[in-house]
Amino acid sequence: GSSIFYLSMEDDLMRVFAKNLDGLMKKLSMPEDEAIQHPWVSKSIETAQRKIESMHFDVRKQILKYDDVLNEQRKVLYDQRRDILTSEDVLEIAESFRETVLDTALNLAMITSHQNEINLEGLREEVLAKFDVHPKIEQWWTDLNDAEEFSDKLHDYVADVWAAKVERITPEIANQMVRLILLQIMDYQWRGHLQQLDYLRKGIGLRGYAQKDPINEYTRESFTLFENLLDRVKSEGTAILSRAEVGADEPAAAPSDAQDAAAAELSVQADIAQDTPRNAPCPCGSGKKFKHCHGALDKGQSA
């Protein structure tokens, strides 16, 4: 068999990729109400098809380049997520996050200081926000007056507070808590990161007007966003773990006397409903038939 395809000369494919076809039609003087089967026209259509297929191929190549950038970031994040899932001691991962966050806070305090002095007020606020502790920062700095010793003392203090918390809730429960919280934060931040990359990708093509390669610009800016993502996972994970508490399970409340009496009454009614015919007098002594007394009540409760 064979197939026949019909194509309008006003189609976008012909209008954009076969611009000389209009002049060819006038030269051939073809009637408007007849099918065009001239070899010159067929060749022009084939040329237009090759052009548009080449364009789509280039578009797919560009999309794959964008996807390669995302895949590299996905591999890094999934490796970290797999470590959290499979590690027998997730507390070590939390400890590395905590030390990184504290080092960042110390470096930031040194950067924002003046005349070789540390920004103690900003450091105190950052430590409180991330670790929920109140160390004697001003006193330690006055007594030590050495950045390295001060950093070691602050690290030891934060580590001791966390160790006491782990001891209080037991290492087993702390391990489960850390794994659950870090995975939730990582998944949430990754979803937000994917949205950011989608917004970036929609407008990155405009960089071409500034003589910049959109792929290179996308790679550079997406890498910055990914670094920010990893920093947020460590920062938010440390802050939430510092405030997280595990409460003891409360014992179930004992039933009251009224509840016991109601349960006994329902049990008696169930026994009566099973043993008494519906047209017999009700055993309660009311003089009514069972179906109009406790039988009707039992039916309503069943409904």
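Is Arg207 buried, exposed or partly exposed, and at what relative accessibility? Arg207 is partly exposed, at 25% relative accessibility (buried is under 20% relative accessible area, exposed over 50%, partly exposed in between; 1.4 Å probe, protein chains only).

The model is predicted: local features need pLDDT of at least 70, side-chain atom pairs count only at pLDDT 80 or more, and totals for chains, interfaces and linings use all residues. Residues are numbered from 1 along each chain as its sequence is written, and side-chain values use heavy atoms, with hydrogens and water left out.

**View 1. Salt bridge between Glu221 and Arg207.** The closest N and O atoms are 2.7 Å apart (a salt bridge is a side-chain nitrogen of Lys or Arg within 4 Å of a carboxyl oxygen of Asp or Glu). Glu221 lies in helix H9 and Arg207 in the loop between helix H8 (171–203) and H9, so the pair ties together parts 14 residues apart in sequence (helices are DSSP runs of H or I, at least four residues, numbered from the N terminus). Salt bridges that share partners join Arg207, Glu217, Arg220 and Glu221 into one network.

**View 2. Salt bridge between Glu245 and Arg168.** The N to O distance is 3.2 Å. Glu245 lies in the loop between helix H9 (214–243) and helix H10 (257–275) and Arg168 in helix H7, so the pair ties together parts 77 residues apart in sequence. Both Glu245 and Arg168 are exposed.

**View 3. Salt bridge between Lys130 and Glu126 within helix H5 (residues 120–131).** The two residues are 4 apart, about one turn of the helix. Lys130 is buried, at 15% relative accessible area, and Glu126 is partly exposed, at 27%.
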